[in-house]
Amino acid sequence: MSDVSERLYRKRRIINGWNLFASGACAAFGIFWLVWILWTTLKTGLAAMKPALFYQMTPPPGSDGGIANALFGSLIMSLGAIVIGTPIGVAAGTYLAEFAKKRAIGEAIRFVNDILLSAPSIVLGLFVYTLVVRQTGHFSGYAGALSLALIVLPVVVRTTDEMLQLVPSQMREAALSLGVPQWKVTMQVLYRSALPGIVTGILLALARISGETAPLLFTALNNQYWTADLNSPMASVPVVIFQYAMSPYESWHSLAWAGAFVVTVFVLLLSVLSRAILLRNKVSND
Amino acid sequence: MAADTAAIAIPSSVVDANRRNASDARADSLFRWIVAAAGMFVLLALTGAALSMLWGGREAFSTFGFGFLFSTDWDAVNHKFGALVPIYGTLVTALIAMLIAVPVSFGIALFLTEVAPNWMRQPVGAAIELLAGIPSIIYGMWGLFVFVPIMGEYVNPWLNDHIGTWPVIGALFRGPPLGIGMLTAGIVLAIMVIPFISSVMREVFLTVPTRLKESAYALGSTTWEVVWDIVLPYTRSAVIGGVFLGLGRALGETMAVTFVLGNAHRLSASLLEPGNSIAATIANEFTEADSDIYRSSLIALGFLLFIVTFIVLSFAKLMLKRLSRQEGVK
């Protein structure tokens, strides 16, 4: 080998080695933030955990209390959002996968759904504000649930669409050739086969809305007291975290960390659970 | 003849089957209508969101006209509002985020598809995706309580002393060591969008046909040369799509930014100064808005944000689609 090509070769090897090393450093960089953020949240949050969290109301400035009303509000509004968003989302996903697969309208809906999936959640909050809060004249738990439902919707549409498309077409043909009407084929054959995927989608959507703050700020607002009335303003954990973390009071900070701990653990559990469902389903199909 | 036909009684099972067919057909078309209506609802939700915000912001648009976009006013007492400061803050923080996130995401995708040993790819990939699942309010809190003090105590003074003295770009890094500000917000945003961009990049890198890469290796390329000259050109449009997907996220992110940006309505050259972004302004001030024009201005800001993210995300979708179409052709 000549001297020049020897040098060129060495230069290429050095560039290669350096860049591959840098790629490893990038991965370490990503993991580093993950560990740091999780560590801070879990450590500080765990220190702030106490039983009173679950039975006392959010306190006035400076004093101590719990976040029971916020936990309850979050639970109710998230359930409401799932109850509103899931049927519409599953139906729309069915339309995309079964009826509008190769049609322009299907493509348009899919496109819009993907935009909705990544659209800023605060914008959806403003939408519900003008639609509901402005019309009824007051903030309400309904409005909060509706704004969260708009976040659930695209997630469920997307997973239903994808999961139904994965169902082998032989199953459809076999059922249809027995004379089963299409709605029954969809309800009793396709949904049953796609169920684990759809459930995963719903769990992912639940994980997304359980930490969602921005749209609740001007739909459900906040409430210092316990309320089960969806027609009145409602507290939620993320909004309480936001309000308390921005405040100057030490006791409020610690409540905010406890709330953050609860939300993070819940979201992590959901993501592990949805992964487990998908994995089990994959194994059983093989 | 007629008597014969009348004599043959139609078996009841046939009548039942006919009735059954009719009711099945009705149920089928009803089902079809229901799911189609749900599909239309998705279309309606997005257009409804756009129109309602245009409607809600009409007062601001008609009062301030085009000047709304270029005015730095934000005066709740005298009812003068302009969008320039929030727009500037949104763009600058998103730009900082992309400057950090794009190369890092590329590195992560490269590591996960070409460099890491097989046993490592799954857990590291899952960990990075876990970052995407953490709610943005947690990022915000962590940013405010942990990251801001570090920025204020160590990073900002260092930037001030070292880069702040440089000509031209020095002005970007001169400022009080508050910790909050555009730079901090940009870094937190970067951490948030890295998992989105890197997972898109990883997915599309895996679609590159093995024989293309093997051909390049056979000619004596190094791994880096294969990635840079074969993988990246092959997936170029989808990579750009992934970057724009991340940009869409960064532009619209609310909570994380609200915590660390400082909510200051001031246009300043320095990245270390507090600023404001569209989403943070809305989140901070909406419930405090005490006049119709104030609220209308905030909704108008929301409308602008919606339009910008819509364009960015549409572009991202189109770019991502180009790769799958190209694959379909083969």
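This is a predicted model: local features need pLDDT of at least 70, side-chain atom pairs count only at pLDDT 80 or more; totals for chains, interfaces and linings use all residues.
Local features need pLDDT of at least 70 and side-chain atom pairs count only at pLDDT 80 or more, whereas totals for chains, interfaces and linings use all residues. Residues are numbered from 1 along each chain as its sequence is written, chains are lettered from A in the order in which they are written, and side-chain values use heavy atoms, with hydrogens and water left out.

**Exercise 1.** Describe the extent and composition of the interface of chain A and chain B.

*Solution.* Begin with the residues in contact (heavy atoms within 4.5 Å): chain A contributes 79 residues and chain B 82 residues. Next take the buried area (the accessible area, with a 1.4 Å probe, that two parts lose on being put together, summed over both), which is about 7,000 Å², with 80% of it given by carbon and sulfur atoms. Then count the salt bridges (a side-chain nitrogen of Lys or Arg within 4 Å of a carboxyl oxygen of Asp or Glu), of which four cross the interface. One of these pairs is B:Glu225 with A:Arg12, where the closest N and O atoms are 2.7 Å apart. On the side of chain A that touches chain B, the largest share, 19 residues, comes from helix α1 (residues 3–48) of chain A, a helix being a DSSP run of H or I with at least four residues, numbered from the N terminus.

**Exercise 2.** Determine how α1(A) packs against helix α10 (residues 223–234) of chain B.

*Solution.* Two packed helices are described by the angle between their axes and the distance between the axes. Here the axes (lines fitted to C-alpha atoms over the stretch in contact, with angles from 0 to 180 degrees between N-to-C directions) lie 8 Å apart at an angle of about 80°. The two helices α1(A) and α10(B) are therefore roughly perpendicular, the class for angles of 65 to 115 degrees. Finally, list the residues: A:Arg12, A:Ile15, A:Asn16, A:Asn19 and A:Leu20 of α1(A) meet B:Thr223, B:Trp224 and B:Glu225 of α10(B).

**Exercise 3.** Repeat the analysis for α2(A) and helix α2 (residues 12–56) of chain B.

*Solution.* The axes come within 7 Å and cross at roughly 105°, which makes α2(A) roughly perpendicular to α2(B). From α2(A), the residues in contact include A:Ile88, A:Tyr95 and A:Phe99, and from α2(B) they include B:Phe31, B:Arg32 and B:Met40.

Note on methods:
Angles under 35 degrees count as roughly parallel, over 145 as roughly antiparallel, 65 to 115 as roughly perpendicular and the rest as oblique.
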